[in-house]
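Subject: Handing over a structure

Hello,

I am passing on a structure that is new to you, and I hope you enjoy looking through it.

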Amino acid sequence: MATKKAKIIIKPFRHQVQMDPHYAEQTWKLLKHAIHEIHKKNASVLSFEELYRNAYNMVLHKYGDMLYAGLREVVHERLREVAAGVSASNEENLLERLNDAWKDHKVSMLMIRDILMYMDRVHVVSQGVAPVYDLGLVLFRDVVVTCPELKDRLLHTLLSLIRKERIGEAINRSLIKSTTQMLVDLGVNSRRVYEEYFEEAFLESTALFYRVESQEFIASNSCPDYMRKVEVRRQEELDRVRHYLDSSSEPKVREVVEEELIANHVRTLIEMEGSGLLPMLRDDQVEDLSRMYNLFSKVRCLEAIKTEMSQYVRQCGKAIVNDTEKIKEHGAYVQALLDLKDKYDHLLREAFRNDRSFQHALDLTFEHFINLNRQSPELISIFIDDKLKRGVKECTDEEIEIILNKVMMLFRYIQEKDVFEKFYKQHLARRLLLGKSLSDTVERGMIERLKVECGYQFTSKLEGMFNDIRQSTNTMENFRAHLESSTGVSTAAEALYGIELNVQVLTTGFWPTQSVSPCTFPPSVHHCVEVFTKYYLSKYSGRCLTFQPNMGTAELKMQLGKAKHEVSVSTYQMCILMLFNESTSFSYGELLSRTGIPGSEMERQLISLARYRLILKEPRTRVFKDTDVISLNMNFKCKLFKFKVQTAASTNSQKNREVTRERVDEDRKHQIEACIVRVMKSRKSMQHALLVSEVCSQLASRFRPKPLVIKKRIESLIEREYLERAQGDRKVYNYLA
């Protein structure tokens, strides 16, 4: 059986020294005397090395508790004397005496900590008590700062000095700074003392001061002046924090000041009569509006500005859209809207920092009031037509680009974009056919803008109109070449009895053509029409040509007496004037029968010619009868060799507008039905509410259909067996393939 070997442990020799039983007391007396000398500022006579060795030995021989307790007692007694001395000082010297005592105490505790450094490293750590320096801070707090005779006086003195500075008196800022820093230091790695003994009361007094002052300010100042004072006061208070308060107070002070000076008076400032938000908006006070935005943003009250501004802009917009004078005045309606938009775009950019929520609110507001007037799409189209016409207050291309970009902002607000398309197509057709377009580049630029906003489908017909004009130019060049080669004449006009024919061939689906009564052309013109028709149909078999005299123009050479003129007229006027080659006068009834021009159109054309004194009417009344005599004015005089007869505006503009609306409504029916079928084809089955919502969403870029209209189109599709109702639920529709 194996036996275990015993381990031999050799312990180091320890010399047992018997301590003097009075050693600890004697050593403490030496240390206590040294602490007293330090407090008396006689540290220069002390040997810090010897004192450190004595403290070291006491801790080493387990007398750390005695040393720590003795230190506490000595410092406590000393601070009681300090507290009594500080309390005895008057109000003017209180802070100065306290700060001197605090500085002396800190210096003393640093020296004492150096002597007792070993106790800090060993005994304090093992016992879990406060380090020597921290012990000194705690005792100063408990004995001096919070003593009943000093605590309230200290707070009152600090608040009193700060109040004096607020009302304009000079104070010793460094004294307050050292006092507040003392309170922070006394928290020993926390701000509890600073907050409990100073900050809470300071914030309450600050709130009370500015509550009273704000009431006085607002009662005696305008809104801009008050806001300027608020800015000054707010900055002063933040500077005060940075100079002599703890940095942790800054957000709290800012909140209190902004609450009392701004948040509690938001409605009062906005609604202040004569100087509130509305007068600022009305008078374009950018600087004051910017100041209000900045101040209100600090208390999260921008919603109040935004709401009030939206309501005011809505009122201004309603005044414009309901102003019949502006609607009647050429371009004034849209120009007023553009001016209003420019004004608030400027304010948004300069005063409201391009705030997206403000931009959104303005967009909703403009969209609301612009669509209150059903004529807005037409009036905007007319405005664009004026800018793109040649000879009407012509602008440079750069100016036109700027104007069109601004008008597109209004276009985005229009809900009935299909109505705008109808009118824009009519105006574009007139510009292209009459050669009044300012430039193809600008026209195509406008179409590109519309394409970006509404997609290719919106502008496909407009682009088709341009293609027709280009192709018509090529067609006429080929036609003239054909005449010259087939007849052997030098110019095509010679083959057409001296008439220079120019035909624009328009695709029916692209152009806003309308059914008109056939017009009887003069024989020479009729011959030209037949020659061109024969040529065109030989090139493009299967097509049908329908001439639209209401959309054409003519240039006539005219000799009345000895005077010769060249006059530009409409096709209808050309038909009327060329009859006078046969006779100098006709009855109104004869003109109707010979030309085939409708009565209302005939009256409009005759009125236009009569205004230029080219024809005379007997009797001279505005009412036309079949027996009225229309004669050529043989005494016609005009200083101009070439002039143009402007056709009188149609008296049926309201009727034409209603006709356009009816066409739009008819087109919408087809678009709604096509959208319903498209959605149902992809979904197969769908509830009524979801189908209506989806259709509205898809058609929103062109117009906003009413749910009742959509329901009628659904019923129509059910009757034509595109859809059916589900058997179990009549609110569900199924697609029929």
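**Nonpolar cores**

The largest nonpolar core is made up of 148 residues, and Phe296 and Phe352 have the most contacts inside it. Helix α10, which covers residues 192-220, gives the most to this core, with 10 residues. Please keep in mind that this is a predicted model.

Leaving out residues up to four places away in sequence, Phe296 touches Ile262, Val266, Leu269, Ile270, Cys301, Leu302 and Ile305. There is also a second, separate core, with 32 residues, and Leu556, Leu577, Leu579 and Phe636 are included in it. As background, nonpolar side chains in soluble globular proteins tend to be buried together.

Helix α22 (residues 417-433) packs with α23 at an angle of about 165°, and their axes are 13 Å apart. An angle over 145 degrees counts as roughly antiparallel, so α22 is roughly antiparallel to α23. The crossing in which α22 passes α23 is left-handed. On the α22 side the contact is made by Lys417, Phe420, Tyr424, Leu428 and Arg431, and on the α23 side by Glu443, Met446, Leu450 and Cys454. These residues divide into 6 nonpolar and 3 charged, with no polar ones.

How do α23 and α24 cross? The axes of helix α23 (residues 440-454) and helix α24 (residues 456-487) come within 8 Å, and they cross at roughly 160°. These two helices are therefore roughly antiparallel to each other as well. Here too the crossing, of α23 past α24, is left-handed. From α23, the contact involves Asp440, Glu443, Arg444, Ile447, Glu448, Leu450, Lys451 and Cys454; from α24, it involves Tyr456, Phe458, Thr459, Leu462, Glu463, Phe466 and Arg470. The residues of this contact divide into 7 nonpolar, 1 polar and 7 charged.

**One leucine to look up**

Finally, have a look at Leu155, which sits in helix α8 (residues 148-166). Is Leu155 buried, partly exposed or exposed? Its relative accessibility is 21%, so Leu155 counts as partly exposed. Apart from neighbours within four places in sequence, Leu155 is in contact with Tyr197, Phe198 and Ala201. For a sense of distance, the C-alpha atoms of Leu155 and Phe547 are separated by 100 Å, and the two residues are 392 residues apart along the chain.

Happy exploring, and best wishes

Technical notes
Residues are numbered from 1 along each chain as its sequence is written. This is a predicted model: local features need pLDDT of at least 70, side-chain atom pairs count only at pLDDT 80 or more; totals for chains, interfaces and linings use all residues. Side-chain values use heavy atoms; hydrogens and water are left out. Axes are lines fitted to C-alpha atoms, for helices over the stretch in contact, and angles run from 0 to 180 degrees between N-to-C directions. Helices (H or I, at least four residues) and strands (E, at least two) are DSSP runs, numbered from the N terminus. Angles under 35 degrees count as roughly parallel, over 145 as roughly antiparallel, 65 to 115 as roughly perpendicular and the rest as oblique. A crossing is left-handed if the near helix is turned anticlockwise from the far one by less than a right angle, and right-handed if clockwise. Contact means heavy atoms within 4.5 Å. Ala, Val, Leu, Ile, Met, Phe, Trp, Tyr, Cys and Pro count as nonpolar, Asp, Glu, Lys and Arg as charged, and the others, Gly among them, as polar. A nonpolar core is a set of buried Ala, Val, Leu, Ile, Met, Phe, Trp, Tyr and Cys residues joined through side-chain atoms within 4.5 Å. Buried means under 20% relative accessible area, exposed over 50%, partly exposed in between (1.4 Å probe, protein chains only).
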